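Take a look at the sequence and the 3D view before reading on.

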Amino acid sequence: MTETHLHGIVYKSTGSWYDVRLEDGQTIKARVKGKLKLQNLRSTNPIAVGDKVLLQDEAPDYNIVSVLQRENYVIRKSNKLSKETQIIAANIDLACIIVSLVDPRTSTGFIDRFLVCTGSYHIPTCIVFNKIDLYGHADFYNEIKALYNSLGYITIGISATQKHGLDELIALIQNKTTLFAGHSGVGKSTLLNALVPEAIQKTSDVSGFSGQGKHTTTFAQMFDLPGIGKVIDTPGIRDFGVVGVEDTELAHFFPEMRELLSQCKFNNCTHIHEPGCAVLKALEEGKINQGRYYNYVSIYNNEDFMD
Ligand SMILES: Nc1nc2c(ncn2[C@@H]2O[C@H](COP(=O)(O)OP(=O)(O)OP(=O)(O)O)[C@@H](O)[C@H]2O)c(=O)[nH]1
Ligand SMILES: [Mg+2]
Ligand SMILES: [Zn+2]
């Protein structure tokens with residue numbers, strides 16, 4: 001029966017229609033008719049960009065009949081009130097969180113939540129600081145970059161508009177499937193455009209009034225960049241609620257805590273109030289960054305959303 005099935009990779013998802021690249025290289029439009037064989041995962045989008053799918057050719061349409069087991073995915077809780085989750089992309093080799101320290105500013109709370117998510121799937125992750133042309137005196141930038149480097153994360157400073165730092169980024173994403181994610185207006189699409197000869201994505205100014213992005217990109221989409229690799233550009237997200245990481249394992253995804261866990265007095269230590277906690281001791285001694293620890297507690301307490 002499976003002989004009639006075609007294999008494809010989802011390149012774009014609008015929710016009702018999907019652009020799927022078939023094995024022969026052609027891109028077709030497909031949809032889901034009837035019941036989809038799903039992994040048991042409740043998400044607002046059952047099919048994400050990067051998903052490998054099986055399809056049936058039911059001319060004039062193609063019908064997606066199942067989603068193959070994902071190697072990994074980046075998932076977030078999209079809303080405080082509902083339990084719904086959103087898969088941002090699947091089957092990626094590298095996750096780039098595109099951040100800016102100004103216009104709009106990305107908080108370390110957002111960065112740390114993203115890192116917990118990708119860390120829990122062992123997805124190599126790079127923090128891309130964009131708009132460095134706007135940083136002025138760069139003390140804070142240098143500090144934050146050094147912090148994440150010291151924790152073992154890859155960081156890159158770029159300016160997408162000035163095409164600064166792009167060679168380093170290109171070397172990193174070479175021959176990979178890379179996700180670009182981050183707040184609206186940080187320059188994800190501008191960066192994508194900077195990597196190709198002619199613009200392929202729409203971009204727009206950050207609002208002068210609110211300093212926020214305008215949610216220009218509305219659907220996630222994968223692009224084949226000749227000589228570089230595949231890049232998935234995604235719509236800007238405001239909050240990143242952590243999904244699927246148990247309280248008891250959260251500290252494992254903070255590298256500076258992970259290495260201390262065996263030294264805590266209690267093996268079910270939450271590292272928040274227990275006596276004999278090696279994490280609290282390291283914090284007191286200034287060996288753990290306070291902001292990082294604060295973010296740990298905030299994630300532990302499920303304070304995932306801005307009000
Ligand atoms: N100064 C400066 N501006 C930049 C840089 N990169 C992007 N921008 C500007 O930031 C604004 C937003 O860029 P976009 O590429 O649309 O942002 P985005 O992250 O794709 O936003 P969404 O699609 O809404 O998620 C545009 O006006 C860009 O020109 C940069 O390196 N420096
Ligand atoms: Mg965009
Ligand atoms: Zn502890």
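Predicted model: local features only at pLDDT ≥ 70, side-chain atom pairs only at ≥ 80, totals over all residues.

Ligand 1 sits in the second largest pocket, with 23 residues surrounding it.

**Around ligand 1**

- Asp133, Ser184, Lys188, Thr190 and Thr217 are the closest of the surrounding residues.
- By class, the shell around ligand 1 holds 15 polar, 4 nonpolar and 4 charged residues.
- Helix H4, which spans residues 188-194, gives the most to this shell, with 3 residues.

**Polar contacts of ligand 1**

- Thr217 has a polar side-chain atom 2.8 Å from an oxygen atom of ligand 1.
- The backbone takes part as well: a polar backbone atom of Gly187 is 2.9 Å from an oxygen atom of the ligand.
- In the side chain of Ser159, an N or O atom lies 3.2 Å from an oxygen atom of ligand 1.
- The protein buries 90% of the 660 Å² that ligand 1 exposes when taken alone.

**The largest pocket**

- The space in the largest pocket comes to about 490 Å³.
- Its lining is made up of 22 residues, and Ser107, Phe110, Arg238, Asp239 and Met306 lie nearest the centre of the pocket.
- Helix H1 (108-120) and helix H7 (290-300) are the elements that give two or more residues to this lining.
- Sorted by class, the lining of the largest pocket has 9 polar, 7 nonpolar and 6 charged residues.

How values were computed: Residues numbered from 1 in each chain as written. Chains lettered and ligands numbered in written order. Heavy atoms only, no water. Near = heavy atom within 4 Å. Polar contact = N/O pair within 3.5 Å; in protein donor to acceptor, adjacent residues only side chain to side chain. Areas by Shrake-Rupley, 256 points an atom, 1.4 Å probe, with all protein chains shown as cover. 1 Å grid on protein atoms, 1.4 Å probe; cavity = no way out; pocket = protein on both sides within 12 Å on 5 of 7 lines; lining within 4 Å. Sits in = over half its atoms within 2 Å of the grid points. Helix = DSSP H or I, 4+ residues; strand = E, 2+ residues; numbered from the N terminus. Nonpolar A, V, L, I, M, F, W, Y, C, P; charged D, E, K, R; others polar. Points joined across faces, edges and corners; volume = space filled by probe spheres on them.
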